[in-house]
Amino acid sequence: MPVPSSMSYVGLTEHGGPHNLVVMEEHTPHPASGEILVRVAAAGINRPDVLQRKGDYPPPPDASPILGLEIAGEVVALGEGVTAYRVGDQVCALANGGGYAQYCAVPATQALPFPSGYDAVKAAALPETFFTVWANLFMMAGLKPGESVLVHGGSSGIGTTAIQLAAAFGARVFTTAGTAEKCEACLSLGASRAINYRSEDFCAVIAEETGKAGVDVILDMIGAAYFERNLKSLSRDGRLSIIAFLGGAFAEKINLAPILQKRLHLMGSAMRPRTASEKQAIRDELLEKVWPLLAEGRIAPVIHAVMPYTQAAAGHRMMEHGDHIGKIVLTFD
Ligand SMILES: NC(=O)c1ccc[n+]([C@@H]2O[C@H](COP(=O)([O-])OP(=O)(O)OC[C@H]3O[C@@H](n4cnc5c(N)ncnc54)[C@H](OP(=O)(O)O)[C@@H]3O)[C@@H](O)[C@H]2O)c1
């Protein structure tokens, strides 16, 4: 099928609520040098898209202003110098933007083949959370087999990925979630203890479960509201990896003494501003170490809902309502 000169995409009339997401028409992008053009069959919705929609997370200057950080579909054109893929290949990819569209140009170095047996919906649910969790939990925080980890927001797209990856690589996993149903889901994914943070204090539970030793690693998306209790919940030489601030970015009157007493390591990162070579390095490790586990069915994305891209506003409302467990995916015809 020839590539049309124009395409439909989910545009933003202005920053604000989900009602500002409407279907618009634009020129189909051309793949730049090193890029592949993908006919998008499915695209994942991620919390950073909600922030971008509100105007709180502007895209980098060289990225498409269209929302959407992960896609899956068929390669329909190659930019100069691309040899790793051919037209007709089925790929999923971490996009720098532009995923909520019928066609999306992505760096070939951020694309991966569908894991064996995967369709586009399942493949589109992988890149953003797998790149983020692999980079933060394994490459930066250095989680090792036999260690313990606390994953906050266990029922989120990020959390469901982190629980499964940590358990698959031999860690003992604790997690927090906001309802009994979400806690049950986290246990079924491999968590050994799911803490309902509305009725339990995670700090007390971690102390009890670890004989007051604390956990080796915490993957945190809450920030300020959990900072002091995170420091308390870490073991000696523990590592805190912060990926978001759902509970605020400004912390006050926090006792920092545990950082010295326990030789803690504090770190954090955002995926989108990483360089192309950093993203490629993450992609290469995922392909080698994680894609076989997906193909074997030992881990799998948790998909909460699938809907046509024309209902992107409903997808955003669903995510902001917060009852979902796992991923919300848009499809394109
Ligand atoms: N740094 C990076 O590179 C990077 C990359 C991707 C995503 N992220 C961040 O990681 C987080 C998870 O992303 P996601 O796409 O997996 O999102 P998601 O599926 O929407 O999950 C967010 C979950 O966090 C929990 N939560 C706790 N406190 C919250 C609060 N104050 N407001 C809203 N939710 C709260 C909610 O579950 P409960 O019912 O259990 O509270 C909610 O379901 C987001 O903050 C996102 O921005 C960071």
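The second largest pocket of this predicted model has a volume of about 470 Å³. A pocket here is an open set of points on a 1 Å grid over the protein atoms alone, with protein on both sides within 12 Å along at least five of seven lines, and lining residues have an atom within 4 Å of a point. Grid points are joined across faces, edges and corners, and a volume is the space filled by probe spheres set on the points. Of the 27 residues that line the second largest pocket, Glu-35, Asp-62, Ala-63, Ser-64 and Asn-96 are the closest to its centre. Strand S2 (21–27), strand S6 (103–107) and helix H9 (276–295) each contribute at least two lining residues, and S6 gives the largest share, five residues. Helices (H or I, at least four residues) and strands (E, at least two) are DSSP runs, numbered from the N terminus.

A word on the basis of these values. Residues are numbered from 1 along each chain as its sequence is written. In this predicted model, local features need pLDDT of at least 70 and side-chain atom pairs count only at pLDDT 80 or more, while totals for chains, interfaces and linings use all residues; side-chain values use heavy atoms, with hydrogens and water left out.

I turn to the domains. The chain is divided into domain 1 (6–126 + 301–331) and domain 2 (130–268), with bounds from an automatic or database domain assignment. Their C-alpha centres lie 28 Å apart. The contact (heavy atoms within 4.5 Å) takes 11 residues from domain 1 and 11 residues from domain 2.

Where does the largest pocket lie? Domain 1 and domain 2 both give residues to its lining, so the largest pocket lies between them. Its volume is about 1100 Å³. Among the 46 lining residues, those closest to the centre are Arg-47, Ser-156, Met-221, Ala-244 and Leu-246.

Finally, helix H5 (residues 180–188) has as its buried residues Lys-182, Cys-183, Ala-185 and Cys-186. These residues cover an arc of only 160° around the axis, which puts them on the same side of H5; the arc is that of the directions from the helix axis to the C-beta atoms. On the other side of H5, Ala-180, Glu-181, Glu-184 and Ser-188 are exposed. Buried means under 20% relative accessible area, exposed over 50%, and partly exposed in between (1.4 Å probe, protein chains only). The buried residues of H5 pack against helix H4 (157–168), strand S9 (172–177) and strand S10 (193–196). Just after H5, Gly-190 takes a positive phi of about 125°.

Note on methods:
On a 1 Å grid over the protein atoms alone, a cavity is a set of points where a 1.4 Å probe fits but cannot get out, and a pocket is an open set with protein on both sides within 12 Å along at least five of seven lines; lining residues have an atom within 4 Å of a point.
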